[in-house]
Amino acid sequence: MTSKEVLEFAKKNDVKQLDLRFTDLPGVQQHVSYPIGELSESSFEEGFGFDGSSIRGWAAINESDMLLVPDPATAIIDPFFEVKTLVMICNVIDPITRQSYDRDPRWIARKAELYVKNSGLADTAFFGAEAEFFIFDSVSFDQNAHSGFYFIEAEEGRWNSARRENNLGYRPRYKEGYFPVPPTDQHQDLRAEMVETMGKVGLDIECHHHEVATAGQCEIDQRFNTLTKSADNMMLYKYVIRNTAYQYGKTVTFMPKPLFGDNGSGMHVHQSLWKGGKPLFAGDLYAGLSQMALWYIGGLLKHARALAAIIAPTTNSYKRLVPGYEAPVNLAYSRRNRSAACRIPMYSASPKAKRVEFRPPDPSSNPYLAFAAMVMAGLDGVMNKIDPGEPLDKDIYDLSPEEMKAVPSMPASLEEALAAIEDDHAFLLKGDVFTEELLENYINYKRKNEADAVRLRPHPYEFALYYDI
(Lines give C-alpha, C1' and ligand atoms only; values in the text may rest on other atoms or scores of the structure.)
Protein backbone atom coordinates (compact mmCIF):
# COMPACT_ATOMS: atom_id res chain seq x y z
CA MET A 1 0.00 0.00 0.00
CA THR A 2 0.94 3.65 -0.48
CA SER A 3 0.65 6.17 2.35
CA LYS A 4 -2.67 7.39 0.95
CA GLU A 5 -3.97 3.83 0.69
CA VAL A 6 -2.96 3.16 4.30
CA LEU A 7 -5.07 6.07 5.50
CA GLU A 8 -8.04 4.87 3.44
CA PHE A 9 -7.51 1.32 4.77
CA ALA A 10 -7.51 2.58 8.37
CA LYS A 11 -10.72 4.56 7.82
CA LYS A 12 -12.47 1.69 6.03
CA ASN A 13 -11.61 -0.73 8.88
CA ASP A 14 -12.57 1.75 11.64
CA VAL A 15 -9.07 1.60 13.14
CA LYS A 16 -8.67 3.31 16.52
CA GLN A 17 -4.96 2.91 17.29
CA LEU A 18 -1.62 3.06 15.46
CA ASP A 19 1.24 0.77 16.50
CA LEU A 20 4.77 1.45 15.17
CA ARG A 21 7.37 -1.32 15.36
CA PHE A 22 11.12 -1.62 14.93
CA THR A 23 13.85 -4.06 15.96
CA ASP A 24 16.76 -3.55 18.35
CA LEU A 25 20.31 -4.78 17.73
CA PRO A 26 19.92 -8.19 19.44
CA GLY A 27 16.77 -8.81 17.38
CA VAL A 28 13.84 -8.13 19.73
CA GLN A 29 10.94 -6.15 18.27
CA GLN A 30 9.88 -2.94 20.04
CA HIS A 31 6.75 -0.80 19.65
CA VAL A 32 5.01 2.44 20.52
CA SER A 33 1.30 3.23 20.05
CA TYR A 34 -0.71 6.35 19.18
CA PRO A 35 -4.36 7.25 18.61
CA ILE A 36 -5.00 6.80 14.90
CA GLY A 37 -5.69 10.53 14.56
CA GLU A 38 -1.94 11.14 14.95
CA LEU A 39 -1.33 9.48 11.58
CA SER A 40 -1.47 11.71 8.51
CA GLU A 41 0.07 11.61 5.05
CA SER A 42 2.91 13.82 6.27
CA SER A 43 3.76 11.20 8.95
CA PHE A 44 5.30 9.03 6.22
CA GLU A 45 7.87 11.78 5.61
CA GLU A 46 8.21 13.50 8.98
CA GLY A 47 8.03 10.38 11.18
CA PHE A 48 7.38 10.10 14.91
CA GLY A 49 9.95 11.11 17.51
CA PHE A 50 11.20 8.69 20.19
CA ASP A 51 14.07 8.19 22.63
CA GLY A 52 16.62 5.75 21.22
CA SER A 53 18.95 5.78 24.25
CA SER A 54 17.11 2.97 26.03
CA ILE A 55 17.15 0.64 23.02
CA ARG A 56 19.75 -2.11 23.40
CA GLY A 57 22.87 -1.50 21.35
CA TRP A 58 21.76 1.93 20.15
CA ALA A 59 22.60 5.58 20.80
CA ALA A 60 24.13 7.17 23.88
CA ILE A 61 21.87 9.45 25.94
CA ASN A 62 23.47 12.60 24.47
CA GLU A 63 22.33 11.64 20.93
CA SER A 64 19.11 9.83 21.75
CA ASP A 65 16.49 11.64 19.66
CA MET A 66 15.34 9.43 16.78
CA LEU A 67 12.50 9.30 14.28
CA LEU A 68 10.32 6.32 13.35
CA VAL A 69 9.16 6.59 9.74
CA PRO A 70 6.48 4.00 8.93
CA ASP A 71 6.77 1.85 5.82
CA PRO A 72 3.26 1.81 4.28
CA ALA A 73 3.94 -1.47 2.48
CA THR A 74 4.04 -3.27 5.86
CA ALA A 75 0.61 -2.15 7.12
CA ILE A 76 -1.61 -4.82 8.74
CA ILE A 77 -4.39 -4.98 11.33
CA ASP A 78 -3.06 -6.51 14.53
CA PRO A 79 -4.82 -9.86 15.06
CA PHE A 80 -4.46 -9.87 18.87
CA PHE A 81 -5.25 -6.40 20.24
CA GLU A 82 -8.74 -5.79 21.67
CA VAL A 83 -8.86 -2.27 20.21
CA LYS A 84 -8.56 -2.32 16.41
CA THR A 85 -4.98 -1.32 15.71
CA LEU A 86 -3.04 -0.56 12.53
CA VAL A 87 0.54 -1.89 12.66
CA MET A 88 3.47 -0.76 10.52
CA ILE A 89 7.18 -1.56 10.58
CA CYS A 90 9.33 1.56 10.67
CA ASN A 91 12.67 2.73 9.41
CA VAL A 92 14.73 4.62 11.96
CA ILE A 93 15.95 8.07 10.90
CA ASP A 94 18.44 10.49 12.46
CA PRO A 95 16.47 13.74 12.95
CA ILE A 96 19.55 15.94 12.42
CA THR A 97 20.92 14.46 9.22
CA ARG A 98 17.60 12.98 8.01
CA GLN A 99 19.64 9.93 7.05
CA SER A 100 18.89 6.32 7.97
CA TYR A 101 20.31 5.40 11.37
CA ASP A 102 23.37 3.16 10.97
CA ARG A 103 22.42 0.89 13.89
CA ASP A 104 18.92 0.19 12.61
CA PRO A 105 19.04 -3.51 11.61
CA ARG A 106 16.38 -2.99 8.92
CA TRP A 107 18.55 -0.35 7.26
CA ILE A 108 21.42 -2.84 7.09
CA ALA A 109 19.15 -5.35 5.35
CA ARG A 110 17.98 -2.66 2.91
CA LYS A 111 21.59 -1.68 2.18
CA ALA A 112 22.43 -5.32 1.50
CA GLU A 113 19.66 -5.42 -1.12
CA LEU A 114 21.04 -2.24 -2.71
CA TYR A 115 24.49 -3.81 -2.76
CA VAL A 116 23.13 -6.88 -4.58
CA LYS A 117 21.65 -4.64 -7.27
CA ASN A 118 24.69 -2.36 -7.54
CA SER A 119 27.02 -5.34 -7.88
CA GLY A 120 25.63 -6.03 -11.35
CA LEU A 121 25.75 -9.75 -10.57
CA ALA A 122 22.08 -10.01 -9.58
CA ASP A 123 19.14 -7.76 -8.83
CA THR A 124 17.29 -9.84 -6.22
CA ALA A 125 18.29 -12.05 -3.30
CA PHE A 126 15.59 -14.45 -2.15
CA PHE A 127 15.58 -15.86 1.38
CA GLY A 128 13.41 -18.54 2.94
CA ALA A 129 14.01 -19.31 6.62
CA GLU A 130 12.75 -22.37 8.50
CA ALA A 131 12.66 -21.41 12.17
CA GLU A 132 12.08 -24.08 14.80
CA PHE A 133 10.70 -23.37 18.28
CA PHE A 134 9.45 -25.03 21.48
CA ILE A 135 5.97 -24.77 22.99
CA PHE A 136 6.08 -25.18 26.79
CA ASP A 137 3.38 -25.02 29.46
CA SER A 138 5.47 -22.94 31.85
CA VAL A 139 9.01 -21.85 32.55
CA SER A 140 10.75 -20.38 35.59
CA PHE A 141 14.34 -19.19 35.93
CA ASP A 142 16.53 -16.96 38.08
CA GLN A 143 20.19 -16.09 38.64
CA ASN A 144 21.59 -14.10 41.51
CA ALA A 145 24.59 -14.05 43.83
CA HIS A 146 23.67 -17.22 45.70
CA SER A 147 21.41 -19.24 43.38
CA GLY A 148 20.77 -20.06 39.75
CA PHE A 149 18.22 -22.34 38.12
CA TYR A 150 15.74 -22.92 35.32
CA PHE A 151 12.72 -25.21 35.28
CA ILE A 152 10.67 -26.12 32.22
CA GLU A 153 7.31 -27.87 32.25
CA ALA A 154 5.66 -29.30 29.15
CA GLU A 155 2.79 -31.76 29.17
CA GLU A 156 4.25 -33.27 26.00
CA GLY A 157 7.71 -33.73 27.57
CA ARG A 158 8.81 -37.36 27.67
CA TRP A 159 9.95 -36.88 31.28
CA ASN A 160 6.27 -36.77 32.30
CA SER A 161 5.73 -40.41 31.25
CA ALA A 162 6.22 -41.62 34.84
CA ARG A 163 3.64 -39.26 36.31
CA ARG A 164 0.92 -41.14 38.23
CA GLU A 165 -2.03 -38.75 37.93
CA ASN A 166 -3.77 -37.51 34.77
CA ASN A 167 -1.35 -39.31 32.51
CA LEU A 168 -2.64 -40.47 29.12
CA GLY A 169 0.79 -41.58 27.98
CA TYR A 170 1.14 -40.15 24.48
CA ARG A 171 4.41 -38.24 24.23
CA PRO A 172 7.21 -38.15 21.65
CA ARG A 173 10.30 -40.10 22.70
CA TYR A 174 13.54 -38.13 22.93
CA LYS A 175 14.72 -37.41 19.36
CA GLU A 176 11.65 -39.18 17.89
CA GLY A 177 9.21 -36.29 17.45
CA TYR A 178 9.55 -36.12 13.64
CA PHE A 179 6.62 -36.48 13.00
CA PRO A 180 3.91 -38.64 14.61
CA VAL A 181 0.20 -37.89 14.29
CA PRO A 182 -1.92 -36.75 17.26
CA PRO A 183 -2.36 -37.49 20.09
CA THR A 184 1.44 -37.92 20.31
CA ASP A 185 1.72 -34.61 18.47
CA GLN A 186 -0.24 -32.53 20.98
CA HIS A 187 0.04 -29.18 19.18
CA GLN A 188 -1.66 -29.76 15.83
CA ASP A 189 -4.61 -27.47 16.60
CA LEU A 190 -2.42 -24.76 18.11
CA ARG A 191 -0.08 -24.75 15.11
CA ALA A 192 -3.08 -24.71 12.75
CA GLU A 193 -4.42 -21.61 14.49
CA MET A 194 -0.98 -20.00 14.25
CA VAL A 195 -0.97 -20.69 10.51
CA GLU A 196 -4.51 -19.33 10.05
CA THR A 197 -3.55 -16.13 11.88
CA MET A 198 -0.38 -15.82 9.80
CA GLY A 199 -2.49 -15.99 6.65
CA LYS A 200 -4.69 -13.15 7.91
CA VAL A 201 -1.67 -10.86 8.33
CA GLY A 202 -0.18 -11.68 4.93
CA LEU A 203 2.35 -14.41 5.64
CA ASP A 204 2.55 -17.15 3.01
CA ILE A 205 2.88 -20.52 4.77
CA GLU A 206 3.91 -23.75 3.07
CA CYS A 207 3.53 -26.35 5.85
CA HIS A 208 3.75 -27.01 9.58
CA HIS A 209 4.75 -30.05 11.64
CA HIS A 210 6.18 -31.39 14.87
CA GLU A 211 9.96 -31.41 15.04
CA VAL A 212 12.47 -33.99 16.31
CA ALA A 213 12.58 -33.11 20.03
CA THR A 214 10.04 -34.02 22.68
CA ALA A 215 8.20 -31.36 24.71
CA GLY A 216 6.61 -29.47 21.84
CA GLN A 217 9.34 -28.69 19.32
CA CYS A 218 7.64 -27.44 16.13
CA GLU A 219 8.31 -25.85 12.77
CA ILE A 220 6.17 -23.68 10.51
CA ASP A 221 7.67 -23.01 7.07
CA GLN A 222 7.23 -19.71 5.26
CA ARG A 223 7.53 -19.26 1.52
CA PHE A 224 10.65 -17.41 0.38
CA ASN A 225 10.67 -13.66 -0.31
CA THR A 226 13.12 -10.84 -0.92
CA LEU A 227 15.76 -10.24 1.75
CA THR A 228 14.27 -7.36 3.76
CA LYS A 229 10.71 -8.62 3.32
CA SER A 230 11.76 -12.06 4.59
CA ALA A 231 13.31 -10.44 7.66
CA ASP A 232 10.12 -8.41 8.24
CA ASN A 233 8.14 -11.64 7.87
CA MET A 234 10.32 -13.46 10.39
CA MET A 235 9.61 -10.78 13.01
CA LEU A 236 5.88 -11.04 12.31
CA TYR A 237 6.12 -14.86 12.35
CA LYS A 238 7.63 -14.81 15.84
CA TYR A 239 5.04 -12.30 17.02
CA VAL A 240 2.11 -14.43 15.83
CA ILE A 241 3.54 -17.65 17.26
CA ARG A 242 4.23 -16.18 20.69
CA ASN A 243 0.89 -14.43 21.01
CA THR A 244 -1.21 -17.33 19.73
CA ALA A 245 0.51 -19.66 22.21
CA TYR A 246 0.03 -17.10 24.97
CA GLN A 247 -3.72 -17.05 24.28
CA TYR A 248 -3.70 -20.84 24.77
CA GLY A 249 -1.91 -20.49 28.11
CA LYS A 250 1.36 -21.72 26.56
CA THR A 251 4.77 -20.14 26.21
CA VAL A 252 7.05 -20.30 23.16
CA THR A 253 10.83 -19.95 22.99
CA PHE A 254 13.12 -19.53 19.98
CA MET A 255 16.11 -20.18 22.26
CA PRO A 256 18.36 -22.60 20.33
CA LYS A 257 18.92 -25.20 23.06
CA PRO A 258 16.47 -25.09 25.98
CA LEU A 259 16.59 -28.86 26.68
CA PHE A 260 19.59 -31.01 27.54
CA GLY A 261 19.81 -34.36 25.75
CA ASP A 262 17.45 -33.56 22.86
CA ASN A 263 17.59 -31.62 19.61
CA GLY A 264 17.93 -27.86 19.61
CA SER A 265 16.14 -25.38 17.35
CA GLY A 266 17.80 -24.25 14.14
CA MET A 267 16.84 -21.81 11.41
CA HIS A 268 17.88 -23.31 8.09
CA VAL A 269 18.08 -20.49 5.56
CA HIS A 270 17.41 -21.13 1.86
CA GLN A 271 18.90 -18.50 -0.42
CA SER A 272 19.30 -17.75 -4.13
CA LEU A 273 20.19 -14.92 -6.50
CA TRP A 274 18.08 -13.84 -9.47
CA LYS A 275 18.45 -11.29 -12.27
CA GLY A 276 15.82 -10.04 -14.67
CA GLY A 277 13.34 -12.57 -13.33
CA LYS A 278 15.69 -15.51 -14.01
CA PRO A 279 17.29 -17.81 -11.42
CA LEU A 280 21.08 -17.64 -11.36
CA PHE A 281 21.79 -20.71 -9.23
CA ALA A 282 20.54 -23.30 -11.76
CA GLY A 283 23.13 -24.92 -14.04
CA ASP A 284 24.73 -28.16 -15.18
CA LEU A 285 27.38 -28.57 -12.48
CA TYR A 286 27.19 -30.50 -9.21
CA ALA A 287 23.59 -31.07 -8.02
CA GLY A 288 22.29 -28.96 -10.92
CA LEU A 289 24.03 -25.82 -9.69
CA SER A 290 25.61 -23.01 -11.69
CA GLN A 291 29.19 -21.86 -11.24
CA MET A 292 27.82 -18.76 -9.50
CA ALA A 293 26.01 -20.92 -6.94
CA LEU A 294 29.18 -22.91 -6.21
CA TRP A 295 31.15 -19.71 -5.71
CA TYR A 296 28.36 -18.41 -3.47
CA ILE A 297 28.71 -21.59 -1.36
CA GLY A 298 32.46 -20.98 -1.31
CA GLY A 299 31.84 -17.55 0.23
CA LEU A 300 29.48 -18.93 2.86
CA LEU A 301 31.95 -21.64 3.87
CA LYS A 302 34.99 -19.35 3.86
CA HIS A 303 33.32 -16.77 6.09
CA ALA A 304 31.15 -19.15 8.16
CA ARG A 305 33.22 -18.79 11.33
CA ALA A 306 32.84 -15.00 11.18
CA LEU A 307 29.17 -15.28 10.23
CA ALA A 308 28.63 -17.34 13.37
CA ALA A 309 28.73 -14.20 15.52
CA ILE A 310 25.62 -12.96 13.68
CA ILE A 311 23.76 -16.13 12.63
CA ALA A 312 24.36 -18.06 15.90
CA PRO A 313 24.72 -15.04 18.16
CA THR A 314 24.07 -16.35 21.69
CA THR A 315 26.04 -18.38 24.21
CA ASN A 316 23.17 -20.88 24.04
CA SER A 317 23.70 -21.26 20.26
CA TYR A 318 26.85 -23.26 20.98
CA LYS A 319 24.96 -25.78 23.09
CA ARG A 320 23.35 -26.70 19.74
CA LEU A 321 26.43 -26.35 17.53
CA VAL A 322 28.28 -29.32 19.03
CA PRO A 323 30.29 -31.85 16.95
CA GLY A 324 28.68 -35.27 16.73
CA TYR A 325 25.17 -34.09 17.56
CA GLU A 326 22.33 -32.88 15.38
CA ALA A 327 23.70 -29.52 14.22
CA PRO A 328 25.93 -29.15 11.13
CA VAL A 329 29.15 -27.71 12.58
CA ASN A 330 31.37 -29.06 9.79
CA LEU A 331 31.92 -26.64 6.94
CA ALA A 332 31.20 -28.63 3.80
CA TYR A 333 28.50 -28.81 1.13
CA SER A 334 26.43 -31.63 -0.25
CA ARG A 335 23.21 -32.47 -2.05
CA ARG A 336 20.58 -33.98 0.24
CA ASN A 337 23.03 -34.63 3.09
CA ARG A 338 21.76 -32.77 6.16
CA SER A 339 25.02 -33.19 8.06
CA ALA A 340 26.68 -30.62 5.77
CA ALA A 341 26.60 -26.90 6.58
CA CYS A 342 25.48 -26.15 3.01
CA ARG A 343 22.85 -28.44 1.53
CA ILE A 344 21.43 -28.35 -1.99
CA PRO A 345 17.79 -29.49 -1.80
CA MET A 346 16.87 -31.95 -4.54
CA TYR A 347 13.07 -31.99 -4.22
CA SER A 348 12.51 -30.34 -7.59
CA ALA A 349 14.32 -30.25 -10.94
CA SER A 350 12.88 -26.80 -11.73
CA PRO A 351 15.56 -24.11 -12.22
CA LYS A 352 13.40 -21.75 -10.15
CA ALA A 353 13.67 -24.12 -7.17
CA LYS A 354 17.47 -24.31 -7.25
CA ARG A 355 18.84 -22.81 -4.08
CA VAL A 356 21.40 -23.23 -1.30
CA GLU A 357 20.34 -24.09 2.24
CA PHE A 358 22.70 -22.84 4.96
CA ARG A 359 22.07 -24.89 8.10
CA PRO A 360 24.16 -23.45 11.01
CA PRO A 361 21.91 -20.39 11.73
CA ASP A 362 19.43 -20.47 14.59
CA PRO A 363 16.31 -18.42 15.38
CA SER A 364 17.97 -16.39 18.15
CA SER A 365 19.61 -14.35 15.38
CA ASN A 366 18.41 -10.95 14.25
CA PRO A 367 17.05 -11.80 10.76
CA TYR A 368 17.89 -8.39 9.30
CA LEU A 369 21.55 -8.77 10.25
CA ALA A 370 21.71 -12.51 9.56
CA PHE A 371 20.27 -12.38 6.03
CA ALA A 372 22.40 -9.33 5.17
CA ALA A 373 25.59 -10.98 6.44
CA MET A 374 24.93 -14.23 4.55
CA VAL A 375 24.32 -12.50 1.22
CA MET A 376 27.50 -10.45 1.72
CA ALA A 377 29.50 -13.64 2.32
CA GLY A 378 27.94 -15.34 -0.70
CA LEU A 379 28.56 -12.37 -2.99
CA ASP A 380 32.16 -12.19 -1.79
CA GLY A 381 32.47 -15.80 -2.92
CA VAL A 382 31.07 -14.95 -6.36
CA MET A 383 33.20 -11.83 -6.82
CA ASN A 384 36.39 -13.61 -5.78
CA LYS A 385 35.50 -16.96 -7.39
CA ILE A 386 35.99 -18.83 -4.14
CA ASP A 387 36.17 -22.57 -4.78
CA PRO A 388 34.10 -24.49 -2.20
CA GLY A 389 36.22 -27.61 -2.75
CA GLU A 390 34.84 -31.07 -3.32
CA PRO A 391 31.35 -31.94 -2.09
CA LEU A 392 31.02 -34.28 0.86
CA ASP A 393 28.29 -36.78 0.17
CA LYS A 394 29.14 -39.13 3.04
CA ASP A 395 27.63 -38.85 6.50
CA ILE A 396 30.12 -36.46 8.08
CA TYR A 397 29.65 -38.05 11.49
CA ASP A 398 30.95 -41.37 10.11
CA LEU A 399 34.25 -39.96 8.86
CA SER A 400 37.50 -41.18 10.36
CA PRO A 401 39.53 -38.81 12.59
CA GLU A 402 42.03 -38.37 9.73
CA GLU A 403 39.27 -37.39 7.30
CA MET A 404 37.68 -35.05 9.85
CA LYS A 405 40.91 -33.07 10.23
CA ALA A 406 40.50 -31.85 6.66
CA VAL A 407 36.99 -30.51 7.32
CA PRO A 408 36.90 -27.07 9.02
CA SER A 409 34.21 -26.44 11.63
CA MET A 410 32.09 -23.72 13.16
CA PRO A 411 33.29 -21.98 16.35
CA ALA A 412 32.70 -23.81 19.62
CA SER A 413 31.60 -20.76 21.62
CA LEU A 414 30.31 -17.23 21.26
CA GLU A 415 33.72 -15.94 22.38
CA GLU A 416 35.35 -17.85 19.51
CA ALA A 417 32.77 -16.51 17.05
CA LEU A 418 33.33 -12.92 18.16
CA ALA A 419 37.09 -13.35 17.74
CA ALA A 420 36.48 -14.76 14.25
CA ILE A 421 34.41 -11.78 13.09
CA GLU A 422 37.02 -9.39 14.49
CA ASP A 423 39.58 -11.11 12.24
CA ASP A 424 37.34 -11.54 9.20
CA HIS A 425 34.82 -8.80 8.45
CA ALA A 426 36.11 -6.92 5.41
CA PHE A 427 33.49 -8.67 3.26
CA LEU A 428 30.74 -7.13 5.43
CA LEU A 429 32.04 -3.59 4.91
CA LYS A 430 31.66 -3.58 1.13
CA GLY A 431 29.10 -1.08 -0.10
CA ASP A 432 29.00 0.32 3.45
CA VAL A 433 26.41 -2.36 4.26
CA PHE A 434 27.90 -2.95 7.69
CA THR A 435 30.20 -0.33 9.19
CA GLU A 436 33.24 -0.66 11.44
CA GLU A 437 31.39 1.33 14.11
CA LEU A 438 28.33 -0.93 13.96
CA LEU A 439 30.38 -4.13 14.12
CA GLU A 440 32.53 -2.80 16.98
CA ASN A 441 29.40 -1.84 18.89
CA TYR A 442 27.79 -5.24 18.18
CA ILE A 443 30.88 -7.19 19.27
CA ASN A 444 31.30 -5.14 22.45
CA TYR A 445 27.62 -5.58 23.32
CA LYS A 446 27.73 -9.33 22.80
CA ARG A 447 31.00 -9.78 24.66
CA LYS A 448 30.06 -7.67 27.70
CA ASN A 449 26.36 -8.43 28.08
CA GLU A 450 26.28 -12.08 27.01
CA ALA A 451 29.61 -13.92 26.67
CA ASP A 452 31.28 -12.38 29.74
CA ALA A 453 28.03 -12.30 31.73
CA VAL A 454 27.57 -16.06 31.32
CA ARG A 455 31.27 -16.82 31.84
CA LEU A 456 31.31 -14.97 35.18
CA ARG A 457 28.41 -16.87 36.71
CA PRO A 458 28.65 -20.33 38.30
CA HIS A 459 26.73 -22.99 36.39
CA PRO A 460 24.33 -25.23 38.36
CA TYR A 461 26.03 -28.35 37.02
CA GLU A 462 29.38 -27.14 38.36
CA PHE A 463 28.02 -27.83 41.86
CA ALA A 464 27.37 -31.45 40.87
CA LEU A 465 30.86 -31.72 39.44
CA TYR A 466 32.94 -29.78 41.93
CA TYR A 467 31.19 -29.10 45.24
CA ASP A 468 33.06 -31.89 47.05
CA ILE A 469 36.34 -31.56 45.16
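Select R223 and D204. Their side chains meet in a salt bridge, 3.2 Å from N to O. The term salt bridge here means a side-chain nitrogen of Lys or Arg within 4 Å of a carboxyl oxygen of Asp or Glu. The pair links distant parts of the chain, 19 residues apart. R223 sits in the loop between strand 11 (217–222) and strand 12 (225–226). D204 sits in the loop between helix 4 (188–200) and strand 10 (205–210). Helices (H or I, at least four residues) and strands (E, at least two) are DSSP runs, numbered from the N terminus.

This is a predicted model: local features need pLDDT of at least 70, side-chain atom pairs count only at pLDDT 80 or more, and totals for chains, interfaces and linings use all residues. Residues are numbered from 1 along each chain as its sequence is written, and side-chain values use heavy atoms, with hydrogens and water left out.

Stay on the pair and show its surface. R223 is partly exposed, at a relative accessible area of 40%. D204 is partly exposed too, at 42%. The classes are buried (under 20% relative accessible area), exposed (over 50%) and partly exposed (in between), with a 1.4 Å probe and protein chains only.

Next, select D19 and R21. Their side chains form a salt bridge with an N to O distance of 2.7 Å. D19 is buried, with a relative accessible area of 0%. R21 is buried as well, at 5%. D19, R21 and D78 are linked in a network of salt bridges.

Move to helix 13, residues 436–455. Pick K446 and E450. Their closest N and O atoms are 3.0 Å apart, in a salt bridge. The two residues are separated by about one helical turn, because they lie 4 residues apart in this helix. K446 counts as buried at 3% relative accessibility. E450 also counts as buried, at 17%. Across the whole structure, a search finds 21 salt bridges.

Last stop: strand 3, residues 48–51. Which residues lie on its covered face? F48 and F50 do. G49 and D51 make up the uncovered face. In a regular strand the side chains alternate between the two faces of the sheet.

Two strands pair if DSSP finds at least two bridges between them. Finish on F50: its bridge partner in strand 4 is M66.
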